[in-house]
Amino acid sequence: MASVGTIFRREFAGYFITPVAYVFIVIFLALAAALTFYVGSFFERGRADLLSFFQWHPWLYLFFMPAISMRLWAEERKTGTIELFLTLPVSTTAAVVGKFLAAWIFAGLALALTFPIWLTVNYLGEPDNGVIAASYIGSFLLAGAYLAIGSCLSALTRNQVIAFVLTVTVCFLFNVLGAGALQPVLGDAVPAEFLETLASFSLLSHFNNIVKGVIDLRDLAYYALAIGVWLAAAAITVDLKKAG
Amino acid sequence: MLALVAAEGLTKRFDAHVAVDRVDLHVGAGEVLGFLGPNGAGKSTTMKMIAGFLAPTEGRAAICGHDVTDDPIRARRNLGYLPEGAPLYGDMTAGAFLAFAAAMRGLSGRQGRAAIGLAVERTDLAEVLAQPIDTLSKGFKRRVGLAQALLHDPPVLILDEPTDGLDPNQKHEMRALIREIRLSKAIVISTHILEEVDAVCTRAAVIAGGRLLADAAPADLAALSPLHNAVSLTLGARFADAAVASLGGLDRVAGVRREPAGPDAVSLTALSGDGGPILADVGMLVQAHGWEVGDLRTETGALDDVFRRMTQPDAEAAGHG
């Protein structure tokens with residue numbers, strides 16, 4: 001498993017070779033702040049919490065995470081380096097995990113750089129920092145789930161744009177499962193239990209649970225499972241495509 | 001002798017298209033197998049399967065006794081592979097890339113530095129280590145790819161067109177390097193430059209349409225040429241008709257080719273009927289008739305001639321028909 005670390009380091013450093021990472025982080029921070037203060041009415045709410053900050057994350061990540069994950073495999077396939085990479089003595093699992101971790105830690109770094117907003121709310125009032133810590137964990141897990149979906153879909157194609165669009169679409173679907181959007185569409189055609197079961201697969205509803213400040217084992221297990229399943233699918237996709 | 005590279009019945013089908021059809025190959029230590037074939041013949045596909053990148057539809061391949069499908073990690077540890085076109089991580093520097101490859105091979109610390117140092121020295125890369133790979137010339141990129149394949153001093157090397165894009169000096173160095181390292185290794189190189197086979201290979205395998213057509217020493221392969229042991233001579237045009245008739249009359253001559261060779265001269269080539277040497281017979285004939293002959297020599301038979309005949313028999317027939 002030493003190779004996971006080696007792959008992680010190469011991939012992670014790769015984000016910073018070009019200015020893309022810096023541009024990404026700056027825009028991410030600017031948008032997160034703009035949504036919090038202008039759309040989320042941070043000041044008008046007059047409450048010392050970060051709900052107006054975290055509530056946007058599922059939608060913000062919808063575009064930012066696919067932008068991180070789209071290159072993971074599609075680029076290797078496009079440039080042909082995948083042939084070099086996968087003939088090194090490394091298992092497909094280690095390759096998938098190493099790449100995923102690099103993307104996840106990079107997303108974590110962008111998330112961590114939002115700390116001034118945490119300082120602000122502590123300066124202005126006395127927020128429940130436990131809830132904020134839980135929210136940060138939830139946000140990080142949500143990013144991980146998006147990125148796991150993104151790695152799998154990136155392995156499907158050699159075109160990064162296709163990987164991006166597919167990932168946005170799939171992540172959006174997993175979001176709206178819990179947003180009640182299906183209720184009017186499916187209506188009474190399906191039993192309510194089915195809709196509830198479907199909603200339990202939603203990334204959004206589990207995120208909303210955590211942001212309330214309650215870290216339930218079920219929510220953590222959900223994210224662990226989501227990341228695990230999508231990464232397994234990514235490994236299978238890489239192997240199948242290779243055989244093709 | 002233990003075959004370090006073994007492929008048995010290797011077959012790859014893409015839907016209905018058969019890219020590689022039941023190829024058997026065995027390469028032992030000290031051997032350099034030159035893999036010849038026109039573009040699209042299945043050379044790269046075969047190499048990809050042996051390298052364990054592409055899963056064969058049928059058949060199996062093994063590196064140092066480790067099946068590339070069932071025991072891929074161990075097989076790959078014993079393999080240095082230069083894929084077609086030498087794909088590399090373009091935004092890394094050459095040095096960072098080699099360090100990555102060494103770490104992936106489990107070579108770290110002093111061992112890693114020594115391995116990188118040796119590979120850099122062998123491929124003469126020292127001056128470009130700090131440069132991003134994207135900014136390097138094609139020749140340097142190819143050498144970075146080769147350095148990566150040599151890092152761990154593997155017993156098996158599979159190099160897909162290692163000299164493609166190199167200038168004549170670099171080609172010469174690449175061949176010298178392959179000759180230098182071949183003693184303890186099994187090396188498979190693909191190429192469509194036939195002189196390369198003469199220069200470095202101990203064996204040549206010809207593949208076309210996915211099928212292995214020949215697998216022999218380059219000299220034996222060249223002997224398959226109709227020109228093998230043929231005798232060429234140049235003489236004045238006024239002797240030509242008589243010479244063609246007399247040469248054609250020799251028992252051991254299968255035929256005579258005639259080509260103009262200047263304003264008042266023709267070049268005749270007497271083909272050996274049994275593939276044996278006929279220079280003595282032709283020489284005696286020349287003396288007996290007192291022809292003024294310039295340039296009398298035995299042809300060894302050209303690989304490219306054999307190659308063309310094997311890989312496109314129809315075109316060959318049309319050309320001489």
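## Helix packing in chain A

Helix α10(A) passes α14(A) in a right-handed crossing, that is, with the near helix turned clockwise from the far one by less than a right angle. The contact joins A134(A), S135(A), I137(A), G138(A), L142(A) and A145(A) of α10(A) to L203(A), F207(A), I210(A) and V211(A) of α14(A); contact requires C-beta atoms, placed from the backbone, within 7 Å. Eight of these residues are nonpolar, two polar and none charged (nonpolar: Ala, Val, Leu, Ile, Met, Phe, Trp, Tyr, Cys and Pro; charged: Asp, Glu, Lys and Arg; polar: the others, Gly among them).

α10 spans residues 129-154 of chain A and α14 residues 203-211; they pack at about 165 degrees with axes 8 Å apart. Axes are lines fitted to C-alpha atoms over the stretch in contact, with angles from 0 to 180 degrees between N-to-C directions. The helices are therefore roughly antiparallel, the term for angles over 145 degrees.

## Basis of the model

The model is predicted: local features need pLDDT of at least 70 and side-chain atom pairs pLDDT 80 or more, while totals for chains, interfaces and linings use all residues. Residues are numbered from 1 along each chain as its sequence is written, with chains lettered from A and ligands numbered from 1 in the order in which they are written.

## Domains and strands of chain B

Chain B is divided into domain 1 (3-217) and domain 2 (231-299), by an automatic or database assignment. Their centres, over C-alpha atoms, are 45 Å apart.

Strand β11(B) (231-236) pairs antiparallel with β13(B) (265-272) over six bridges, S232(B) having T269(B) as bridge partner. β11(B) also pairs antiparallel with β14(B) (293-298), over four bridges; here V231(B) stands opposite T298(B). Pairing requires at least two DSSP bridges; helices (H or I, at least four residues) and strands (E, at least two) are DSSP runs numbered from the N terminus.

Conventions:
Parallel < 35°, antiparallel > 145°, perpendicular 65-115°, else oblique. Contact = placed C-beta atoms within 7 Å.
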